[in-house]
Amino acid sequence: MSKELCQINDIEMDHYDISENCLGTKGIGPCLCFIILLDDGRIFMEHRSDNYLSSNFTNKNVRLCLKNVIQHVISYPHTANIKTTIILGGHELKKRFELFSSRISQLISGDDVGDDDDDDDDDDDETELRHYQQLLKSIKLINTCFNISSKEPATVGECGFDCIVEQVPGDEIVVIIQHVKILHKWDIITGVMRLSNENSSFAVGQTVTTAATSADENLRIRQFRHKCIDHFRKNARAANAVEVEGLLAENLFSYCSSISKQLATKLSKNERELNADDREMCNVTSAIHADDEEEDDEEL
């Protein structure tokens, strides 16, 4: 990533932004991060919480969510086309997030033909429909079960990640940094990943960013942390990243940690907030997400 970049806009939850340089966002847990790279070199990123996701992921609701994201992309004036789409986030043990990915796969393959709610295309303008089709064709990576959820976040910690994206000539760089932490107590980076067209690598381990004495004294905390590390390794391998060790791993941890420190909020005048219209379009209700509690019994 370019050394001359001193600060990177940290997109707040339920916000989106576009940039000609790079963008990032912190604390992606039970949220989804949409990354869209345009062929004019610009980057669009949206950090969408569960408050703006439907409680029931049908083909229609997922389609509407993607179109809602597209509306945000084209709200910024440009004539560019979408060349790469990446969708990351969610929790492994919550069935809704797994269903979100499978619904997108159906939309890509056309298996949603016959969906009785498929007439919403009639309301799309030409630009929106074209970019929606480009989005489906350009999905490079989708993982909506990226995190391990915790039943006791105040005791054993919770898992989430930061994401920073940059387009450079001939390449696309995505940096992912997994944290296991208890807010205001301790924070440990347990995995880092650098994805690019040239080569992708990852490393796992434990880099303390805040005081974490208590995190090493509790067996359940250590078990949860190692469970998160194993899950990160699985995700990285699924993204075709190669694990590095030794000095290469140390360098990757140092690089990713330094990039994360460059994130700062409220740097961009382009950043916008999701609103009630977005909830309405995506069929979001105030109902509790029913199967969020249907988690694996082995979850900590």
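## Overall picture

Buried residues (under 20% relative accessible area, with a 1.4 Å probe and protein chains only) make up 56% of the chain's 300 residues. This is a predicted model: local features need pLDDT of at least 70, side-chain atom pairs count only at pLDDT 80 or more, and totals for chains, interfaces and linings use all residues. Residues are numbered from 1 along each chain as its sequence is written, and side-chain values use heavy atoms, with hydrogens and water left out.

The chain holds 7 helices and 14 strands. These are DSSP runs numbered from the N terminus: helices are H or I with at least four residues, strands are E with at least two. Take the contacts (heavy atoms within 4.5 Å) between residues at least 6 apart in sequence: 74% join residues at least 24 apart. The chain exposes about 13800 Å², by the Shrake-Rupley method with a 1.4 Å probe. Carbon and sulfur atoms supply 46% of that area.

## The sheet

An open sheet of 6 strands runs in the order β3-β8-β9-β10-β11-β12, with mixed pairing. Two strands pair if DSSP finds at least two bridges between them. At the edges sit β3 (22-28) and β12 (242-243), each pairing on one side only. Strands β8 (residues 158-168) and β9 (residues 171-182) run antiparallel, joined by 11 bridges. Val165 stands opposite Val174 in β9.

Two helices pack on this sheet. Helix α5 (residues 219-238) touches β8, β9, β10 (186-195), β11 (201-208) and β12, and its direction makes about 160° with that of β11. Helix α6 (residues 246-260) touches β3, β8, β9, β10 and β11; its direction makes about 105° with that of β10. Angles run from 0 to 180 degrees between N-to-C directions, and axes are lines fitted to C-alpha atoms, for helices over the stretch in contact.

## The β8-β9 loop

Gly170 lies in the loop between β8 and β9. Gly170 is exposed (over 50%), with a relative accessible area of 64%. Leaving aside neighbours within four places in sequence, Gly170 contacts Asn197 and Glu198.

## Helices α1 and α2

The axes of α1 (residues 59-74) and α2 (residues 95-109) come within 9 Å and cross at roughly 85°. That makes α1 roughly perpendicular (65 to 115 degrees) to α2. Asn59, Val62, Arg63, Cys65 and Leu66 in α1 meet Phe100, Arg103, Ile104, Gln106 and Leu107 in α2.

Methods
Parallel < 35°, antiparallel > 145°, perpendicular 65-115°, else oblique.
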